[in-house]
Amino acid sequence: MRMASGLQQPFRNAVLILVWSWLLLLVLVPNLLVIAASVMTRDAGSFLSLPLTLDAYRQLLNPLYLEVFLQSLYMAVMTTLVCLLIGYPFAWSLSLMGPRARILLIFLLIVPFWTNSLVRTYALKLILATNGLLNQGLMNLGLINEPLRLLYTEGAVIIGLVYLLLPFMILPLYSVFEDLRKELLMASHDLGAGPLATFVHVIIPLTLPGILAGVMLVLLPAMGLFFVPDILGGSRNLLVGNVIKNQFLDARNWPFGAAASIFLTLAMAFLMFAHRLSKRRIGEEGA
Amino acid sequence: MKKLALAGLLAVGLTACSSEEPQVLNLYNWSEYMPQQVLERFTDETGIRVVYTTYDSNEAMYARLKLLDDSAAYDLAVPSTYYVSKMRQEDLLMPIDRSKIEGFDKLDPELVNLGIDPENQYSIPYLWGTTGLAVDTADVGGEVTAWEDLWDKRFAGRVMLTNDMREVFHMGLRVLGYSGNSTDPDEIRQAYEKLSELMPSVRTFNSDAPRMPYLEGETDVGMIWNGEAVMAREVMPKLQYVYPDEGVIAWMDSFVIPKNAENPEAAHKFINFVLQPEISALISEDIGYATPNLAARDLLDKSVSNNRASYPNATDMINAEFQQDIGDDALQVYAKYWEKLKSGQ
Amino acid sequence: MNRWLSRSYLTLVYLLLYVPILVLVVFSFNDARTGYEWGGLSLRWYHALFGNRAMVQAMWNSLWLALSAATVSTLIGVLTALALHRYRFRGKQLLNSMLFIVMMSPEIVLAISLLALFLLVGIQLGYFSLLLAHVTFCLPFVVITVMARLSGFDERLPEAARDLGASDFTMTRTVLIPAIMPALLAGWLLGFTLSLDDVVVSTFVGGPGYEILPLRIYSMVRVGLKPEVNALGTLLLVFSLFMLMLSQWILIRSKR
């Protein structure tokens, strides 16, 4: 370690004070406020009042709301699964391309990510609508006689979420496939493992950190992106994000909204923990 | 393209460079509830620029006003009847200085001095209207005359409801024969159960522009506001506005000035501007709702004033019920079931 | 995997990713009033867009917000990355994890927590609250971009500078900053884009006095299919494509 010179200290300290106070004031304190809000009582006049109570959490476990949460979990899990099913072979195929082509293809993958997500969701509406392009196309081809009712369904919301979040699944998967050493696959083959056995016992475990990172990057936003059900799902409360938004901006039940958001935070903590665990295991096996 | 970009830049530059701060009126209103040309004419006449921000439910409007209470965010808002009394009682409104308002005496005597705001100290009626049935007769065979008909299985996946808790429950309560303003938890629960039978048929909720799902061909039957139906018929004559047998939902929207408005002067000017018979008539003709301004009604084109969708006759209003304030406790009961209703397919 | 199979699969997915964008661009030049038919080429929706004063104002506001949020977050982010890279201090691991948590947090959680803070402290919802919120969610991305660059940095350079008698501050200014310039610019561009795109956080912490583009688009899109949105989307696409090319160009050039 370097010895701290006289000039170094003030610079270092100033930077640390700046970033720490930013994070404390705008991340830690606000989150503590949310926790505090979740144990307070809803108040019709102002937003919150005493006494402290666990009512909001009890309400979360009420069968009425539990169903809402299971529903939104289902949407997020379906989205993640579809992303994984599309993204896994995609990332694998990508890693097999030549180095130059790969740069271009990765670039093409992140272009949509840099485009306004609302506008892209809206573009999907143009395609999925009853008089939309997909139905027009299928009818012109004579494949269907009646337009399919696609818009304002759960399916449309899942399509929208997958469309917005797919790159977040592919990029971490791609990076683990890039590190996947060909020798390992050869070795597995030489040891007599068939393609399926190699896939199950070698490839999947080695790409697990990528899978988990992708799941984390898709599952969490998939629960929160409230504007997708608003536009493609007929304004139903299909995601936890919609419930939280309604509690804060319509029904004005802050304790309940706060408790719902803590649910999301816990889901995040759980996923991060799982990801870390899987990474550590790979590290041990590699060593 | 280059020219266009240049024009855009110029426009940006001009708005940014104008040295004098122009006066601004922050108007908080329902989506598409004020013709663009009215706003432009107001700006031309007074030099006050109107910033038009929208909401799609009274609840959202109320929550936002509460949230922004201290920051003097809006100068004018347009709540429905029952929210006028709620906001007045909670001391969220500024009294309206009647000496600055001309034309109040021309308003329909039946629509002023109501229980929601005796002597109209805090509110000036803007428009009134009804929520009834929309039927796309091109796609729907047979008669649809009652709210109850929406429960018909043949409409599966083709029904639209407004994204408005009170209105949807109003319909459910009326179908069961209860008052649309019920505060009885048991009646509300029954309405919820009745409505949940309808849910599998419901395609979408929309209070931003309830005509759009019909125009876009997504839904064929369901709820609609009368003005939206009138606007829709201009492009889709087959869409019918029906007064349901159980009774239509009636409401009135009024201008109110939030307590902390930054520019109440401009708000008064705007109310004044709208109360001019000519302007009120223009609004009613353009967006299809009924004006409470009797002087304006005389100026209306016959095709508008005889349009039963905009201006119902006495038979249309049989069983009609005005929405009323039901208190926070009952609202919480509604809110709980509403959340649940909207959560599934 | 079969080479042909994998290539056609890639093509298919790229097609699916780009079809909606293509539809949007094509329809933005559509003369027809309704969203679905083709009525010939026209620029009328672009004219309508620039004729709408509220829209132009919102664009201007959004650009200014993105510009300032990206700049502030880059400033803080670069300093943080330098500190994390160069110094050992207590709580370093904690700082790292905290930034990671901010990055992973669902936007809506960040949004309501900040809303609660602003209400409690009495900060008016408007430009300033938006700025604070946007800087907060951009910060971790800037730090990560710059850290990635620093980890590949030759440690002997700063040592040499110090041996030549440069103070820490001078060394940072003359050696480190130029070396991380590309990452700094890339981080800035990323922050700019994130800010310009954000709907979730802005819905909560935005105020009526400072209307920004995503919220304007949101209220338009909820009303129904509006051809102006196609035109606006196309403009945004061209703009972000330009930004992305710029950032890639900077990164590639710097590697030489």
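In this predicted model, seven residues of domain 1 of chain C are in contact with seven residues of domain 2 of chain C, where contact means that the C-beta atoms of two residues, placed from the backbone, lie within 7 Å. On the domain 1 side of this meeting point there are four nonpolar, three polar and no charged residues. Here Ala, Val, Leu, Ile, Met, Phe, Trp, Tyr, Cys and Pro count as nonpolar, Asp, Glu, Lys and Arg as charged, and the others, Gly among them, as polar. Domain 1 of chain C covers 1-42 and domain 2 covers 51-255, with bounds from an automatic or database domain assignment. Their centres, taken over C-alpha atoms, are 30 Å apart.

Turning to the chains, 61 residues from chain C and 66 residues from chain A take part in the contact. Helix α1 (residues 3-28) gives the most to the chain C side, with eleven residues; helices are DSSP runs of H or I with at least four residues, numbered from the N terminus. That side of chain C holds 45 nonpolar, eleven polar and five charged residues.

In chain A, helix α5 (residues 117-128) has eleven of its twelve residues buried, among them A:S117, A:R120 and A:L128. A residue is buried if 20 or more other C-beta atoms, placed from the backbone, lie within 10 Å of its own.

Residues are numbered from 1 along each chain as its sequence is written, and chains are lettered from A and ligands numbered from 1 in the order in which they are written. Local features need pLDDT of at least 70 and side-chain atom pairs count only at pLDDT 80 or more, while totals for chains, interfaces and linings use all residues.

Conventions. Helices (H or I, at least four residues) and strands (E, at least two) are DSSP runs, numbered from the N terminus.
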